[in-house]
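Subject: Structure handover

Hello,

Please find the structure below, followed by some notes on what was found in it.

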Amino acid sequence: MTEEISYPVINKELCKGCMRCIVGCPQNAILLSDDMNDAGYQFAYYSGNGCTGCKDCYFTCPEPLALEVHQYKKIVNDSVAKMIKAKAAGKGGK
Ligand code: SF4
Ligand code: SF4
């Protein structure tokens with residue numbers, strides 16, 4: 001069994017602090033930093049919680065490469081994870 005993990009990755013030096021992603025996130029998962037980047041803009045950052053992977057932030061950001069949404073599948077069933085680890089260990093040992 002797997003669980004999908006999603007989170008936004010924001011390049012703070014490319015962010016111009018327009019707040020579109022902050023306003024657009026239905027989970028209120030993106031915040032605006034009090035600090036400034038090298039260009040003098042306050043930048044957006046992920047709160048660390050709540051992202052569902054809807055990608056609204058990605059599609060609303062006007063700055064190329066400032067914001068991406070990363071997703072991966074995590075194995076949550078321990079017995080399956082143990083089986084995969086055991087198989088990998090077996091292969092590595094031969
Ligand atoms: S992908 Fe959706 S839920 Fe996740 S941070 Fe972006 S707008 Fe918010
Ligand atoms: S929409 Fe893009 S440029 Fe605007 S605050 Fe969010 S990451 Fe920064």
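A residue counts as near a molecule if one of its heavy atoms lies within 4 Å of it. By that rule there are 13 residues around ligand 1, and Cys25, Cys51, Cys54, Lys55 and Cys57 come nearest. The shell around ligand 1 has eight nonpolar, three polar and two charged residues (Ala, Val, Leu, Ile, Met, Phe, Trp, Tyr, Cys and Pro count as nonpolar, Asp, Glu, Lys and Arg as charged, and the others, Gly among them, as polar).

This is a predicted model, in which local features need pLDDT of at least 70 and side-chain atom pairs count only at pLDDT 80 or more, while totals for chains, interfaces and linings use all residues. Residues are numbered from 1 along each chain as its sequence is written, chains are lettered from A and ligands numbered from 1 in the order in which they are written, and side-chain values use heavy atoms, with hydrogens and water left out.

Ligand 2 has around it Cys15, Lys16, Gly17, Cys18, Met19, Arg20, Cys21, Ala44, Cys61, Pro62, Glu63 and Leu67. Eight residues of this shell are nonpolar, one is polar and three are charged.

Glu63 lies in the loop between α2 (56-60) and β4 (67-75) (helices, H or I, of at least four residues and strands, E, of at least two are DSSP runs, numbered from the N terminus). The C-alpha atoms of Glu63 and Cys15 are 6.8 Å apart, although 48 residues separate the two along the chain. Leaving out residues up to four places away in sequence, Glu63 touches Leu14 and Lys16 (contact means heavy atoms within 4.5 Å).

Regards
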